[in-house]
Amino acid sequence: MPLSVAAREAFLAEAHIASLAVEAGKGRAPLTVPVWYDYSLGGEIRFLTDGDSLKARLIAKAGRLSMLVQRSSPTYRYVSVEGPVVQSGPTTLEELTRISGRYLPPDAVSGYVHGSDLNVLVTFRVLPERWLSADLGALG
């Protein structure tokens with residue numbers, strides 16, 4: 001069953017690892033890679049990456065992407081979004097801290113942040129336009 005708008009946004013706001021997919025060019029399948037991200041209800045998805053990476057170059061060229069987050073138990077549930085990149089720019093210390101804090105234990109965040117090179121990181125902001133979702137919990 002598809003999730004309600006509120007349920008799909010709440011699920012996307014949880015700290016799942018996303019599978020990001022972006023067009024990779026003629027004759028190629030989309031580039032698909034895992035990313036850490038941040039999302040607030042009704043807002044934009046934010047994630048960061050090395051600005052010189054293939055991922056960053058392809059996203060800048062395509063101008064849009066899709067992301068999938070999922071869980072396998074209890075009950076299989078997923079949310080997939082597609083949308084345009086509405087902004088990209090240098091990653092701030094606050095963005096790096098917030099996103100890494102969603103995925104790392106509290107005592108590991110500071111070391112991770114201070115070991116990262118903010119000079120090479122770029123933050124992308126994506127506006128979800130199209131959504132797909134399901135929760136298969138009702139099948140059992």
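Student: What counts as a salt bridge in this predicted model, and how far apart are the closest N and O atoms of Arg98 and Asp38?
Tutor: A salt bridge is a side-chain nitrogen of Lys or Arg within 4 Å of a carboxyl oxygen of Asp or Glu. The model is predicted. Arg98 and Asp38 form such a pair, and their closest N and O atoms are apart by 2.4 Å.

Student: How many residues apart are Arg98 and Asp38?
Tutor: Arg98 sits in helix H3, while Asp38 belongs to strand E3 (residues 37-39). The salt bridge therefore meets the 4 Å cut-off between distant parts of the chain.

Student: Is Asp38 buried or exposed?
Tutor: Buried means under 20% relative accessible area. Asp38 has a relative accessible area of 9%, so Asp38 is buried.

Student: Which class of accessibility do Arg98 and Arg102 fall into?
Tutor: The class in question runs between the 20% limit for buried and the 50% limit for exposed. Arg98 has 27% relative accessibility, and Arg102 has 21%. Therefore Arg98 counts as partly exposed, and Arg102 also counts as partly exposed.

Student: What is the distance between the closest N and O atoms of Asp38 and Arg102?
Tutor: Asp38 in strand E3 and Arg102 in helix H3 are 64 residues apart, and the pair links distant parts of the chain. They form a salt bridge, with the closest N and O atoms separated by 3.6 Å.

Student: Which residue forms a salt bridge with Glu44?
Tutor: Glu44 is partly exposed, at a relative accessible area of 23%. Glu44 lies in the loop between E3 and strand E4 (45-50), and its partner lies in strand E7 (residues 121-126), so the pair ties together parts that are 81 residues apart in sequence. With closest N and O atoms 2.5 Å apart, the partner is Arg125.

Student: Why is H3 described as oblique to H4, and what is the angle between them?
Tutor: Helix H3 (residues 93-103) and helix H4 (residues 106-114) pack with their axes 9 Å apart. H3 is oblique to H4 because the angle is about 140 degrees.

Student: How many nonpolar, polar and charged residues are in the contact of H3 with H4?
Tutor: From H3, Leu93, Leu96, Thr97, Ser100 and Gly101 take part, and they meet Val109, Tyr112 and Val113 in H4. By class, the contact has five nonpolar, three polar and no charged residues.

Notes
Residues are numbered from 1 along each chain as its sequence is written. This is a predicted model: local features need pLDDT of at least 70, side-chain atom pairs count only at pLDDT 80 or more; totals for chains, interfaces and linings use all residues. Side-chain values use heavy atoms; hydrogens and water are left out. Axes are lines fitted to C-alpha atoms, for helices over the stretch in contact, and angles run from 0 to 180 degrees between N-to-C directions. Helices (H or I, at least four residues) and strands (E, at least two) are DSSP runs, numbered from the N terminus. Angles under 35 degrees count as roughly parallel, over 145 as roughly antiparallel, 65 to 115 as roughly perpendicular and the rest as oblique. Contact means heavy atoms within 4.5 Å. Ala, Val, Leu, Ile, Met, Phe, Trp, Tyr, Cys and Pro count as nonpolar, Asp, Glu, Lys and Arg as charged, and the others, Gly among them, as polar. Buried means under 20% relative accessible area, exposed over 50%, partly exposed in between (1.4 Å probe, protein chains only).
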